[in-house]
Amino acid sequence: MLRRKPTRLELKLDDIEEFESIRKDLESRKKQREEAEVVAAGEEAAAIALGAEHKSREQIINDRIGYKPQPKAGSRAAHFGTFEF
C-alpha cells in the first residue's frame with residue numbers, strides 16, 4: 001500500500017466568519033421553532049381542556065397521526081381459523 005504525506009488544511013478568517021453566520025442562523029431558526037411548538041402545545045392543551053368531549057391520551061395521539069384502530073374479534077375461531085380446542 002502506498003502512503004502519502006498528510007494534507008495540510010488551513011483555516012482562514014473568511015471560513016470562520018461563514019461558520020459563525022451559519023451557526024447563528026441555525027440557532028435563530030431553532031429558537032423560532034421551539035417558540036412555535038410551545039405556543040401550539042399551549043393552544044392544544046387549552047382546546048383539550050375546554051372541549052366537552054374528553055379523550056384519552058391514546059385517542060388524542062391516534063387522532064393526531066390519523067390512525068383508526070379496527071376492533072379485534074373476541075372469539076378463538078377468529079384467531080385460529082376452524083380449529084377447535
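Biologist: Where in this predicted model is the place of Asn62, by element?

Modeller: Asn62 sits in helix α2, which covers residues 57–65 and has the highest mean pLDDT among the elements of the protein, at 87.

Biologist: Why is Asn62 called buried?

Modeller: The relative accessible area of Asn62 is 13%, and the word buried is kept for values under 20%, so Asn62 counts as buried. Buried residues make up 1% of the 85 residues in the protein.

Biologist: What does Asn62 touch, once residues up to four places away in sequence are not counted?

Modeller: Under that condition, Asn62 touches Tyr67 and Pro69, and a contact here requires heavy atoms within 4.5 Å.

Biologist: Let us turn to helix α1. What makes Glu20 and Arg23 a salt bridge?

Modeller: The closest N and O atoms of Glu20 and Arg23 are 2.4 Å apart, and the cut-off asks for a side-chain nitrogen of Lys or Arg within 4 Å of a carboxyl oxygen of Asp or Glu, so the pair meets the definition of a salt bridge.

Biologist: Why are Glu20 and Arg23 separated by about one helical turn?

Modeller: They are three residues apart in helix α1, and therefore about one helical turn separates them.

Biologist: How do you know whether Glu20 and Arg23 are buried, partly exposed or exposed?

Modeller: Glu20 has a relative accessibility of 27% and Arg23 has a relative accessible area of 33%. Partly exposed covers what lies between under 20% for buried and over 50% for exposed, so Glu20 is partly exposed, and Arg23 is partly exposed as well.

Biologist: Which salt bridge do Arg23 and Glu27 make, and at what N to O distance?

Modeller: The side chains of Arg23 and Glu27 meet at 3.2 Å, N to O, and with a limit of 4 Å this counts as a salt bridge. Arg23 and Glu27 are four residues apart in helix α1, which means about one helical turn between them, and Glu27, at 38% relative accessibility, is partly exposed.

Biologist: What makes Asp25 and Arg29 a salt bridge?

Modeller: The closest N and O atoms of Asp25 and Arg29 are 3.3 Å apart, and that value is within the 4 Å limit. Both residues lie in helix α1, four residues apart, or about one turn of the helix. Asp25 is partly exposed at 35% relative accessibility, and Arg29 is partly exposed at 48%.

Biologist: Why is Ile16 called partly exposed?

Modeller: Ile16 lies in helix α1, residues 13–50, and its relative accessible area is 38%, a value between the 20% and 50% cut-offs, so Ile16 is partly exposed.

Biologist: Which element of the protein has the lowest mean pLDDT?

Modeller: Helix α3, residues 76–80, has the lowest mean pLDDT, 55. Where pLDDT is low, the predicted coordinates should not be read in detail. For the protein, the mean pLDDT is 79, and 69% of its residues reach 70 or more.

Biologist: How many helices and strands does the protein come to?

Modeller: The count is three helices and zero strands, and from the N terminus on the elements run α-α-α.

How values were computed. Residues are numbered from 1 along each chain as its sequence is written. This is a predicted model: local features need pLDDT of at least 70, side-chain atom pairs count only at pLDDT 80 or more; totals for chains, interfaces and linings use all residues. Side-chain values use heavy atoms; hydrogens and water are left out. Helices (H or I, at least four residues) and strands (E, at least two) are DSSP runs, numbered from the N terminus. Buried means under 20% relative accessible area, exposed over 50%, partly exposed in between (1.4 Å probe, protein chains only). pLDDT is the predictor's confidence in each residue, from 0 to 100.
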